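Subject: A two-chain model for you to look through

Hi there,

Here is the structure I promised to pass on. Please open it alongside this note and have a look around.

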Amino acid sequence: MIGLDEQITTMAARWPTFTVVSREDRAAVWEGTLDPVKRRYRIRVALTLPYAIENVTTMQVQPRVQVLDPVLEWHPEFEEGPVPHVYRNDEERALPFLCLFDPYNGEWSLSDLLADTTVPWTARYLFFYEGWLATTKWHGGGRHLTDGEGTCGARAKSIAAV
Amino acid sequence: MTIHDPVRPSFDRLPTPARADGLLMDVAHRVQLAPTKHAEADRHYHALCQYVDRRGSPLEGKVVSCYPGGSFATGTAIASSVKNDQHDVDVVMELEIPPTSNPSQTLSTLFDAINGEPGSRYHGRVKLNSRCVTVTYEDGVRVDLMPIARLAAQPEKAGNLFHWQPATGAQFHKPVNPWGFADHFNSHTDYDPVFASLFESRGLAGVLVEKADTAPLPDQVPLSEKSARVVALQLIKRNRDVRFRSREGRKPPSIVLATLALESIPTGAGLSSEVIAIASHMIRRLETESSCGRKLALLNPAYEPDVFTDRWPYSLTEQNTYIGDLRHLVRQLSRFRDENASMTELKTILDDLFGETPAGFALDRLLEESRRAIGTKDMLFGRTGKVITGAAAAAAASTCTAARASTNMGGGRLPR
C-alpha cells in the first residue's frame with residue numbers, strides 16, 4: 001500500500017495544478033484543474049487509506065473523483081444518460097463520483113499512484129464526456145455493475161483477496 | 001474505375017493524419033458513393049443504353065456509344081442525398097443522327113424510347129429535362145442520359161447537345177466534349193500514393209460503419225481516392241450542396257468547380273490545406289471578375305467551343321453569393337484546424353459545412369479511434385491533462401506520458 005506522503009509528492013510533481021486542500025492522518029483531498037480538450041474542469045480527488053486492508057474492498061477504498069466546475073451535464077436522452085459512468089451521490093446530486101476503473105477486475109489497488117492512474121483516467125473520462133456531449137453517444141467504452149456487484153455486493157472481494 | 005498501384009505504401013508505414021485532416025477524410029468517405037453503388041449505377045446505365053438501342057425502339061440502332069460524363073467520369077461524384085445514399089449518374093449517349101437535328105424532337109424521341117408503353121420496364125420513371133432524360137430507380141440511383149451527336153472534323157467525341165425548354169420554346173445546339181474534359185481532368189490530377197493509402201486505410205479502419213463492407217480491395221485504388229485534390233473537390237461540392245439546400249436558383253456546376261480546382265497548385269500539405277487552397281483560388285478568380293463587373297467565363301480546356309459557364313453564374317449576385325459561401329468555408333476550416341477546438345465546436349463546424357450525417361459519422365469515428373488508443377502510446381496526457389491522440393501524440397511523446405487502460409464502470413452508489 002502506498003502511503004499518503006508518497007501520493008502527495010507524486011501528485012505535486014506530475015500534476016502541478018493539483019494541491020492538497022485537506023489532510024488528515026489517513027485521508028487527503030486534492031483539488032486542481034484539467035484541460036482534456038479545451039474546456040477547463042475543476043476536479044476533486046479524495047483518498048482515504050484503511051487501517052487494515054483485510055476487511056475492505058477496492059470498491060470501498062477507491063479514490064472518490066468529482067467534477068466540481070462546470071458540473072457534469074445531465075442528458076437522460078443521450079446514450080448512457082443522464083450522465084455516463086458515474087456512481088450516484090445522494091448528498092450532492094450534481095456532483096456524482098466518476099467510475100474510472102473496474103474494481104472487480106484488479107484494475108486499481110492501493111499500490112497504485114493516483115498520479116499515474118486516477119488523474120489521467122479522469123482526463124480521459126472528460127475527453128470522452130466532451131465527445132458524448134457533441135455526438136450524444138458514449139465512445140469511451142466500459143461496463144455497468146451487475147446485480148451481484150451492488151454497492152456492497154456479496155461478490156466484492158476484500159483487497160487482501162484480490 | 002481503378003488504378004493498379006504497385007508502389008503504394010503499406011498501412012503500417014503510413015503517417016497519421018492531423019486530427020482535422022482525419023475528420024475531413026471521414027466526411028469525404030461518407031459523402032462518396034460506396035463501390036457497390038458505383039457498380040450498380042454502372043450496370044443501370046449500360047442496361048439503359050441497350051434498352052434505347054433495342055429492336056422496335058424509336059432509336060433502334062442509333063446508339064453509337066454510352067459513357068460516363070460529369071463527376072462520374074472524373075471520380076469526383078458524391079451522393080446527392082447522403083442520408084438516403086441517393087446519387088445521380090451523368091451519362092453521355094452518342095446517337096447516330098445529324099448534329100443539327102431538331103432538339104425538341106431528339107429529346108422527345110429519347111424520352112419515348114425509354115418511357116415506352118405502359119407496363120414496360122421504365123415506364124413512369126422517366127422525366128424529360130432541358131438537356132437530358134432522367135430515369136429514377138427504386139434503389140435511389142438517378143441516371144441523367146444526355147444525347148449528343150458527333151461533330152465532324154472536331155476532336156474525338158466532341159458533339160452537339162440538344163437544348164429545349166418547353167415552357168419558353170427556346171431550343172438550340174451547344175458544342176460539348178465531356179469525354180475530352182474527363183480525360184483532361186484525370187491526366188492533370190497527379191496520383192499521390194501516400195494520400196491514396198492514407199485515405200483508403202481510413203475507409204478500412206476496424207470500425208463497424210455503414211460502408212465498411214463495401215470498401216475497395218486493398219490492391220486497387222478507386223479514382224476518387226487518388227489524390228488530395230480530388231477528395232478536396234468532393235468536399236467543396238458537398239459544401240455547395242449543403243449551402244444550396246434552402247436556396248432557389250442554380251448551383252455552381254460541378255464542371256466549373258472541377259475546372260477551377262485544376263488551376264489551383266496542389267499544396268501537398270494535407271486535406272484541409274488542399275480544400276482551403278482550392279477554395280481560396282476560387283474566391284480570387286471569382287472576385288477578380290466581380291470587381292470588374294463581369295461574370296466568370298470558363299471554357300472546356302479540352303474543347304474551347306464548349307462554354308462551361310453558359311448557365312451559371314446567371315448574374316453577379318449569384319457569383320457574389322458563392323464567393324460568400326467559399327469565404328465562409330475557408331474561415332470555418334481555419335477554425336476547425338485549431339487543435340484546441342472542443343468536440344462540440346468540431347461537430348458544429350462540420351454540421352454547418354457538410355451536413356449532420358457526415359459530420360456525425362466523422363466525429364463518431366474520431367472517438368472510436370481514440371478509444372482504440374486507450375492504454376497505448378497513441379493516447380498521451382499533457383501536464384494540464386490535455387488528451388493527445390493521433391499524429392499529435394507521436395510529436396508529443398517526449399513531453400507527455402501514457403496511462404494504462406481501465407474500464408469505465410457505472411451505476412449504483414459507492415459504499416461509505
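Below are my notes on it, beginning with the ground rules.

This is a predicted model, in which local features need pLDDT of at least 70, side-chain atom pairs count only at pLDDT 80 or more, and totals for chains, interfaces and linings use all residues. Residues are numbered from 1 along each chain as its sequence is written, while chains are lettered from A and ligands numbered from 1 in the order in which they are written.

**Chain A**

Chain A has three helices and six strands (DSSP runs numbered from the N terminus, with H or I of at least four residues for helices and E of at least two for strands). Along the sequence they follow the pattern α-β-β-β-α-β-β-β-α. Of its 162 residues, 40% count as buried; buried means 20 or more other C-beta atoms within 10 Å of a residue's own, exposed means 12 or fewer, and partly exposed lies in between, with C-beta atoms placed from the backbone. One exposed example is Pro16(A), which has 11 C-beta neighbours inside 10 Å and is found in the loop between helix 1 (4-14) and strand 1 (19-23).

**Where the chains meet**

The contact takes 49 residues from chain A and 31 residues from chain B, two residues being in contact if their C-beta atoms, placed from the backbone, lie within 7 Å. On chain A's side, the elements that give two or more residues are helix 2 (58-61), strand 5 (86-87) and helix 3 (118-135). Helix 3 of chain A provides the largest share, 12 residues. That side of chain A divides into 23 nonpolar, 13 polar and 13 charged residues (Ala, Val, Leu, Ile, Met, Phe, Trp, Tyr, Cys and Pro count as nonpolar, Asp, Glu, Lys and Arg as charged, and the others, Gly among them, as polar).

Helix 3 of chain A is largely enclosed by the rest of the structure, because 17 of its 18 residues are buried.

**Helices of chain B**

Helix 12 of chain B (residues 356-373) reaches 26 Å from its first C-alpha to its last. Its buried residues include Phe361(B), Leu366(B) and Leu367(B), and what covers the buried residues includes helix 3 of chain A as well as helix 1 (19-31) and helix 11 (343-354) of chain B.

Helix 1 of chain B packs against helix 9 (residues 271-291) of chain B at about 75 degrees, with their axes 7 Å apart (axes are lines fitted to C-alpha atoms, for helices over the stretch in contact, and angles run from 0 to 180 degrees between N-to-C directions). That makes the two roughly perpendicular, a label for angles of 65 to 115 degrees. Among the residues that meet there are Leu24(B) and Met25(B) from helix 1 and Val275(B) from helix 9.

**The core**

The largest nonpolar core has 142 residues, and those with the most contacts inside it are Val27(B), Leu145(B), Val275(B) and Leu350(B). Such a core is a set of buried Ala, Val, Leu, Ile, Met, Phe, Trp, Tyr and Cys residues joined through C-beta atoms within 7 Å. Helix 3 of chain A gives the largest share of this core, 10 residues.

Happy browsing!

How values were computed:
Expected span 1.5 Å × (residues − 1). Parallel < 35°, antiparallel > 145°, perpendicular 65-115°, else oblique.
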